[in-house]
Amino acid sequence: MQVPLLDLKLQYAPLKAQLLREIEAVTDSQALLLGPQTEKLEKAVAGYGGAPHAIGVSSGTDAQLALLMALGIGAGDKIITTPYTFFATASCIARLGATPVFVDIDPVNFNISVPALEAALARTPEARAIIPVHLYGQCADMAGIVVLGKKHGIPVLEDAAQALGARHPLGGAGAIGEAGWFSFYPTKNLGAFGDAGMVVCRDGTLAAKIRALRNHGMEARYFHKWIGGNFRIDAIQSAVLNVKLPHLDEWSADRRARAAFYRMAFARHALPITLPTEVYAGSGVPNHHIYNQFIVRAPRRDDLRAHLTKAGIGTEIYYPLPLHLQECFAYLGHREGEFPEAERAARETLALPIFPELTEEQQAYVVAQVAVFYR
């Protein structure tokens, strides 16, 4: 049996006719950048996530970059974040000449550790911002993080690239701190037909500046108040996302259902793997986890992955090397062992297939093959 990590063709098929109509409408209009489709998407995402302002941009990476630029982050500034995340979280900080200050993760949910964050803030009183990452589709401990942000008088900026639609008791991912951002990379739960992203924030003045920065710092045409960039979102991507967004809650529920099936199926076997923890499941919050990935901890992870690949099962490692050990960040002077939980996660974690169209038969096969490996 073949079980891909993700199969986007199955999502596309029932929406194909509607998607092609909307794409054709954009091509007929020749309004190919920003425009009414983007305005519609911005309004919809703001309403859906709970943030007053939403600004469509060219990618999740550019969303973070534009936000940091709007806040004036630059040379000499220090931004506290996690070393266990996608590269862009730290690279956007470094691209502006600022310094990423890494904090170890909670071993249960892989998100930034609040006690470690508190200690880092005590050591770094000059920090300009905190960037928690809502990894794999589950929110970080925003209650503790927001308290620390207020105590130290610095903004909390949420990397919600994997978490559009995820909820925390304090609110929707991206809308709890001062600002946040989403990625619409095709493999995300809400994916475009290419790169796209969005910044969300509370402050209207900040939102207006980000809108200008995404278009080379222009407010009036050809008059540049700031030095910005070309961060405009394509109208076709906005049109695609407008078609998909109404289905997102259903897709998230389907992903949770597949996660529940995995739990039930794995419970029949005495296996040494650790399944993901749903931290907010008992809070009554809907969409407490949206399972952008289904991550397990597995002894002999690389051997297990090789076995599953041979069995026709797609897997992935998110992420095989923490950021503090990446070659490009060697100038920060970190050594192996500094962030032990991030390093342990990099050695042990494996993503198993999870997507709304995944069948129980396929999932049972995945579980059976994991059991075969350990026996």
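**Exercise 1. With which side chain does the side chain of threonine 85 make a polar contact?**

The model is predicted: local features need pLDDT of at least 70, side-chain atom pairs count only at pLDDT 80 or more, and totals for chains, interfaces and linings use all residues. Residues are numbered from 1 along each chain as its sequence is written, and side-chain values use heavy atoms, with hydrogens and water left out.

Step 1. Threonine 85 sits in the loop between β2 (78-81) and α4 (88-95). Helices (H or I, at least four residues) and strands (E, at least two) are DSSP runs, numbered from the N terminus.

Step 2. Find the partner. The side chain of threonine 85 meets the side chain of threonine 89 at 2.9 Å. A polar contact is a pair of N or O atoms within 3.5 Å; within protein, one must be able to donate a hydrogen and the other to accept it, and residues adjacent in sequence count only if both atoms are side-chain atoms.

Step 3. Check burial. Threonine 85 counts as buried because its relative accessibility is 5%. The classes are buried (under 20% relative accessible area), exposed (over 50%) and partly exposed (in between), with a 1.4 Å probe and protein chains only.

Step 4. List the neighbours. Leaving out residues up to four places away in sequence, threonine 85 touches Val133, Leu135, Asp159, Tyr319 and Leu323. Contact means heavy atoms within 4.5 Å.

**Exercise 2. Where do arginine 305 and glutamate 316 lie?**

Step 1. Take the distance. In the salt bridge of arginine 305 with glutamate 316, the closest N and O atoms are 3.5 Å apart.

Step 2. Locate both ends. Arginine 305 is in helix α10 (residues 301-310), and glutamate 316 is in the loop between α10 and α11 (340-348), so the pair ties together parts 11 residues apart in sequence.

Step 3. Classify them. Arginine 305 is partly exposed at 25% relative accessibility. Glutamate 316 is partly exposed too, at 28%.

Conventions
A salt bridge is a side-chain nitrogen of Lys or Arg within 4 Å of a carboxyl oxygen of Asp or Glu.
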